[in-house]
Amino acid sequence: MRTQVGIVGAGPAGLLLSHLLHLHGIESVVVESRSRQYVEERVRAGLLEQMTADLLVETGVGARLQREGLVHHGIFLRFGGRSHRIDFDELAGGHTVVIYPQNKVVADLFDARLNAGGQIFFEAQETSIHDFAEAGPGSSLKPKIRFREHGESREIVCDLIAGCDGFHGICRPSIPRDRLAIFDRIYPFGWLGILAEAPPSSPELVYAYHERGFALLSMRSPHLGRLYIQCAPDEDIEKWPDERIWAELHARLATSDGKWTLAEGPVVQKGVTGMRSFVTEPMQCGRLFLAGDAAHIVPPTGAKGLNLAVADVRVLARAIAEYYATGKEGLLQSYSRICLRRVWKVQRFSWWMTSMLHLFETDNAFDRRRQLAELDYVASSRAASQTLAENYVGLPMEWDPPK
Ligand code: RFL
Ligand code: PHB
């Protein structure tokens with residue numbers, strides 16, 4: 001079959017791109033290796049920058065987000081047994097963040113695409129992409145996506161391919177190795193995360209630095225808590241019965257006045273996530289454009305992965321729309337450079353939050369004192385807390401490639 005844009009991956013990046021292109025009158029087909037139910041139930045991110053939430057609302061897929069999203073005006077840093085609030089109203093020009101689960105974002109986008117007649121192939125197997133490197137101006141070759149659906153071979157011929165298939169997808173590895181540079185860092189720890197049927201014990205997120213390791217209190221709704229503790233990168237979840245997880249959360253999140261308590265509830269989901277920073281340069285090759293986790297990964301401490309995927313797609317949709325409207329390649333050719341400018345700033349922020357808040361096994365007593373001094377500085381200096389706040393709520397979009 002033929003279409004204008006072939007999209008690999010029905011995560012937030014792929015689905016939002018398909019939706020934005022549709023609003024520009026551009027046709028796309030999405031190829032996804034998992035079932036709709038699997039993608040909709042996958043527990044992932046929970047925090048949207050205001051710009052991300054606004055885009056969903058402005059493009060008509062934000063009705064449930066407006067009803068159910070929890071707007072937060074600050075976060076707490078907890079260290080030395082005390083809490084320090086970072087106030088976004090005061091420090092970030094009134095920008096906020098919204099708690100709304102990624103799986104609901106994805107479900108809302110599925111509804112929008114399928115109601116508009118969009119085509120999504122689920123449970124595609126053996127997906128591969130072809131002829132993208134050679135396609136483009138002056139070439140008669142067209143990029144192709146091939147896969148098997150219920151045992152039958154299929155081929156999608158398109159003008160452009162968007163590689164939105166996440167970190168473990170096939171698009172990035174299909175680019176000839178000598179046309180990419182990879183930058184990465186793997187952290188010597190992971191996060192053990194739980195979803196608990198318990199009301200959140202704090203109205204806003206709590207990021208805790210503790211000598212036993214980092215802990216984070218987040219939430220999904222007024223009845224559902226999402227909590228994380230720093231653990232070994234290859235931690236065996238079997239060694240963590242619920243009681244042990246709660247005991248560790250109590251210890252790491254405790255305040256020294258003993259006044260704060262953590263509400264417990266049945267654990268309905270748990271898992272371990274590794275942590276890495278990763279960037280591919282450039283994010284495009286011929287007629288293939290990578291977006292979201294396919295191109296870059298951040299450690300979750302800054303809550304940026306999904307937001308960065310949305311920022312990429314915003315640029316890509318505009319570049320593709322300009323290409324079809326005018327035939328000009330300019331914005332398409334600048335796609336990677338425009339995105340990477342933001343990607344690297346967000347990488348820096350995510351690395352900084354991660355290194356300030358986690359225990360590194362190679363660190364000594366000096367490093368612990370230095371981390372505490374840094375937290376104290378962030379909590380007590382307006383300039384430093386403003387730096388955290390403006391990055392956390394989301395940096396403004398910049399459309400010019402870096403000089
Ligand atoms: P996704 O979501 O991984 O989607 C990729 C899709 O591609 C499919 N796929 C394929 N399809 C066809 N053929 C193949 N060969 C394929 N291979 C893969 C996959 O099935 C999938 O459906 O990437 P995308 O769209 O770029 O979205 C990125 C986000 O999912 C990710 O960055 C965030 O979840 C990161 N993240 C957070 N981001 C935030 O902005 N705020 C947060 O609060 C936040 N918290 C988190 C997070 C990620 C976490 N984990 C589990 C890594 C918390 C955690 C614990
Ligand atoms: C989440 O709610 O899953 C979450 C929130 C903030 C983070 C990371 C994850 O920094």
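A residue counts as buried when its relative accessible area is under 20%, as exposed when that area is over 50%, and as partly exposed in between, with a 1.4 Å probe and only the protein chains considered.

The model is predicted, so that local features need pLDDT of at least 70 and side-chain atom pairs count only at pLDDT 80 or more, while totals for chains, interfaces and linings use all residues. Residues are numbered from 1 along each chain as its sequence is written, chains are lettered from A and ligands numbered from 1 in the order in which they are written, and side-chain values use heavy atoms, with hydrogens and water left out.

**Exercise 1.** Find the salt bridge between Asp108 and Arg64, and classify each of the two residues as buried, partly exposed or exposed.

*Solution.* Begin with the pair itself: the side chains of Asp108 and Arg64 meet with N and O 2.8 Å apart, and a salt bridge is a side-chain nitrogen of Lys or Arg within 4 Å of a carboxyl oxygen of Asp or Glu. Finally, Asp108 counts as buried because its relative accessibility is 13%, whereas Arg64, at 23%, is partly exposed.

**Exercise 2.** Describe the salt bridge between Arg2 and Asp159, and name the network to which the two residues belong.

*Solution.* The side chains of Arg2 and Asp159 form a salt bridge with an N to O distance of 3.9 Å. Arg2 lies in the segment before strand E1 (5-8), and Asp159 in the loop between strand E11 (152-157) and strand E12 (160-163), which puts the partners 157 residues apart. Asp159 is buried, since its relative accessible area is 14%. Lastly, Arg2 and Asp159 are linked with Lys142 in a network of salt bridges, and the structure as a whole holds 22 salt bridges.

**Exercise 3.** Work out which residues make polar contacts with ligand 2, and how much of the ligand the protein buries.

*Solution.* A polar contact is a pair of N or O atoms within 3.5 Å (within protein, one must be able to donate a hydrogen and the other to accept it, and residues adjacent in sequence count only if both atoms are side-chain atoms). The side chain of Arg220 has an N or O atom 2.7 Å from an oxygen atom of ligand 2, a polar side-chain atom of Tyr228 is 2.6 Å from an oxygen atom of the ligand, and Pro300 contributes a backbone N or O atom at 2.8 Å. Taken alone, ligand 2 exposes 280 Å², of which the protein buries 97%; such areas come from the Shrake-Rupley method with a 1.4 Å probe, and for residues only the protein chains shown count as cover.

**Exercise 4.** State which strand gives the largest share of the shell around ligand 2.

*Solution.* Strand E15 (215-221) and strand E16 (224-231) each supply at least two residues of this shell, and the largest share, 3 residues, comes from E15.

Technical notes. Helices (H or I, at least four residues) and strands (E, at least two) are DSSP runs, numbered from the N terminus.
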